[in-house]
Amino acid sequence: MSSEIDFDEILSKYRSDPFDYVDVCATHTGVVRFRVKAGDAVEAPGGEWLQIPGTALYEITRERNPKLIAAQTNGTVSDIRTDLEGQFVEAGERLLTIRHPLKKKEIIENILKEVLYLFRAPERAKYYFALDVQSRIDKKGARAVTIDAGEEVLTMSLMKRDTPIYYSGERGVIHSVYFSPGVSVNQGDPLLGVCAPEKLPLIQKIITRVKADWDSE
Amino acid sequence: MAERGIPLAAGNGLAITAGDVGRELRLESLRRRESWKTEEAERILRYGAFVGSVVECHATLDRAMNRARSHITAMEQEGRSVHNGTVILADSLGSSRGRFDRAWHAPAGGLWGCLIHANTLLPQSRNLIPLGVGVACCEAVRETGIGAELRWVNDVLVDGRKVAGFLIESFFSPIHREEYNLIGFGVNVNNRRFPPELQDIALSLSQVLGRSIDLNRFALLFMAKLSFAFGLLYREEELHLRDEGGGDPGWHPMLRAWADLSGTIGRRVLFGFDVMKNPQYQATVTGLTESGGLILRLDDGHEKIEYCGEIRYL
């Protein structure tokens with residue numbers, strides 16, 4: 001993690017283009033039929049339990065088994081591969097891009113994700129802190145808890161099978177927690193943002209600076 | 001079931017050998033002939049024959065899962081291999097617990113233990129282990145003549161009260177980082193007294209029958225059912241890898257077995273990741289996904305699929 005950050009450059013980048021560009025890729029092989037067109041507004045899943053699906057983006061059919069794929073984020077369809085309409089695609093093929101407008105909190109999180117060490121989910125599952133780590137967090141707060149490589153930090157729960165998750169990364173304090181107990185995390189999504197204790201002031205500086213800059217507008 | 005000759009006399013502590021398990025597997029092969037072709041049942045049982053390859057019987061342990069971890073660690077440190085399918089049993093457990101930080105009451109009279117499974121299953125099969133363990137136990141209980149049923153994922157209930165519970169944890173061996181599934185099991189067999197907080201929700205088999213069950217015989221029966229369950233997972237995996245198709249596409253026979261034993265589908269439930277501490281929402285169960293996830297219809301008509309968490313019937 002660099003201790004020198006060009007705040008002006010980062011902030012000017014987000015000020016000139018305060019959007020995330022989220023690629024939507026084929027979930028598996030199959031024939032694709034789009035349900036949206038360029039410029040359409042799309043919604044993320046909603047409802048108290050996220051039970052209301054997002055806007056349907058495309059249908060993919062494999063072995064006469066059609067599956068409707070919905071948006072996981074809100075925004076606007078900014079680029080769509082209409083040349084793939086009705087075509088057989090491979091898993092992972094980019095089909096469209098959603099331009100997602102960023103809120104201030106998301107901008108801070110995005111900047112922090114560039115400077116924190118991100119410990120990611122090995123599988124799509126639900127996660128909770130290991131009992132020992134949880135008790136340390138309860139006593140002192142997450143940002144006072146230091147974790148080391150090889151330490152059992154989390155438990156991954158899937159179909160009532162619990163798997164200990166060992167931290168692999170630089171020694172540091174748990175600055176950001178990106179999961180909530182009881183909410184599924186996709187494979188590869190960050191679970192924890194970790195930083196060396198001496199870098200905490202820098203992280204705080206980033207947050208303060210972004211808040212101040214955005215509030216002053 | 002009792003009329004099939006399961007002795008019902010009470011024993012004094014567990015005393016089981018791997019040879020006893022082998023003999024029970026031959027009986028299981030005969031029992032399965034009602035619903036499986038003989039050669040198919042035997043093939044499945046051969047796949048699952050590792051269950052009970054070694055059986056340790058202890059008078060008491062703190063936790064069977066802890067004994068499994070220390071056994072794996074010690075074997076690795078001695079440069080030896082752990083016998084896949086080792087079963088650790090104890091007449092009673094001193095500090096057993098359930099999921100999260102819940103206590104589990106394990107006095108003498110119950111079947112308490114842990115199965116060590118070296119994880120050689122593909123992820124899609126491994127995810128069905130929790131369902132398979134529940135199926136095995138529910139089948140064993142039904143063989144005693146008790147009308148047990150499964151509640152997702154694998155609670156075994158009789159008259160709405162829990163007679164068995166499972167704890168499945170992965171364990172990575174300290175030196176070679178080999179992955180094991182530690183399958184902890186607890187079945188209320190002959191224990192009749194429960195702490196006050198469990199009295200309304202727990203039940204033992206002997207309470208239902210009004211008499212004691214031979215604990216050794218029940219343990220063997222359960223292990224034979226576990227052999228079949230694991231064998232089914234391995235056999236299906238082989239069929240799919242050889243592209244022979246494993247029964248109906250998308251509907252694993254383990255899911256069919258689970259659905260046949262379960263009263264969950266169609267029930268109104270309360271769902272939560274830790275439903276005791278933090279119940280989340282009410283819904284109606286409409287089915288299972290092909291990977292064992294629970295399909296729930298909320299009151300607004302939308303469906304949600306849950307792959308982890310717990311339910312309680314409303």
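Two strands pair if DSSP finds at least two bridges between them. In this predicted model, strand E9 (residues 281-288) of chain B meets that rule with strand E10 (residues 294-297) of chain B, through four bridges. Within this pair, Thr284(B) stands opposite Arg297(B) in E10(B). Chain A and chain B bury about 2500 Å² between them.

**Contact between chains A and B**

- Chain A brings 19 residues to the contact, and chain B brings 32 residues.
- Of the buried area of about 2500 Å², 58% lies on carbon and sulfur atoms.
- Three residues, Trp49(A), Met159(A) and Lys160(A), supply 36% of the area that chain A buries against chain B.
- Twelve residue pairs are in polar contact across the interface, with both residues at pLDDT 80 or more.
- Three strands of chain A give two or more residues each to the side that touches chain B: E10 (126-129), E12 (152-158) and E13 (161-166).
- E13(A) gives the most to that side, with five residues.
- By class, the side of chain A that touches chain B has ten nonpolar, four polar and five charged residues.

**Strand pairing across the interface**

- E13(A) also pairs with a strand of the other chain, E6 (residues 161-172) of chain B.
- This pairing is parallel and rests on two bridges.
- Asp162(A) stands opposite Glu169(B) in E6(B).
- Strands of a sheet pair through backbone hydrogen bonds, either parallel or antiparallel.

**Salt bridges**

- Over all chains, the whole structure holds 35 salt bridges.
- Three salt bridges cross the interface of chain A and chain B.
- Which residue of chain B forms a salt bridge with Glu123(A)? The partner is Arg126(B), and the closest N and O atoms are 3.3 Å apart.
- Glu123(A) lies in the loop between E9 and E10 of chain A, while Arg126(B) lies in helix H4 (residues 123-126) of chain B, so the pair joins two chains.
- Side chains of opposite charge can pair when their charged atoms come close.

**The five-stranded sheet of chain B**

- Five strands of chain B form an open sheet in the order E11-E10-E9-E8-E12, with antiparallel pairing.
- Why do E11 (303-306) and E12 (310-313) of chain B each have one side without a neighbour in the sheet? Both strands stand at the edges and have a single partner strand each, so one side of each is left without a neighbour.
- From one strand to the next, the twist averages 45°.
- The E9(B) and E10(B) strands, joined by four bridges, run antiparallel.

**The four-stranded sheet of chain A**

- Chain A has an open sheet of four strands, in the order E9-E15-E14-E11, and the pairing is antiparallel.
- E9 (117-120) and E11 (146-147) of chain A are the edge strands, each with a single partner strand, so one side of each is left without a neighbour in the sheet.
- E14 (residues 172-177) and E15 (residues 190-195) of chain A run antiparallel and are joined by four bridges.
- Val177(A) has Leu192(A) in E15(A) as its bridge partner.
- Helix H2 (residues 104-115) of chain A packs on this sheet and touches E9, E14 and E15 of chain A.
- The direction of H2(A) makes about 155° with that of E14(A).

**Backbone features in chain B**

- Most residues other than glycine have a negative phi, and most peptide bonds are trans.
- The peptide bond that joins Trp152(B) and Val153(B) is cis, with omega about 5°.
- Val153(B) is found in the loop between strand E4 (149-151) and strand E5 (155-158) of chain B.
- Asp159(B), a residue other than glycine, has a positive phi, near 50°.
- Asp159(B) is found in the loop between E5 and E6 of chain B.

Technical notes. Residues numbered from 1 in each chain as written. Chains lettered and ligands numbered in written order. Predicted model: local features only at pLDDT ≥ 70, side-chain atom pairs only at ≥ 80, totals over all residues. Heavy atoms only, no water. Axes fitted to C-alpha atoms, helices over the stretch in contact; angles between N-to-C directions. Contact = heavy atoms within 4.5 Å. Buried area = accessible area lost by both parts, 1.4 Å probe. Salt bridge = Lys/Arg side-chain N within 4 Å of Asp/Glu carboxyl O. Polar contact = N/O pair within 3.5 Å; in protein donor to acceptor, adjacent residues only side chain to side chain. Nonpolar A, V, L, I, M, F, W, Y, C, P; charged D, E, K, R; others polar.
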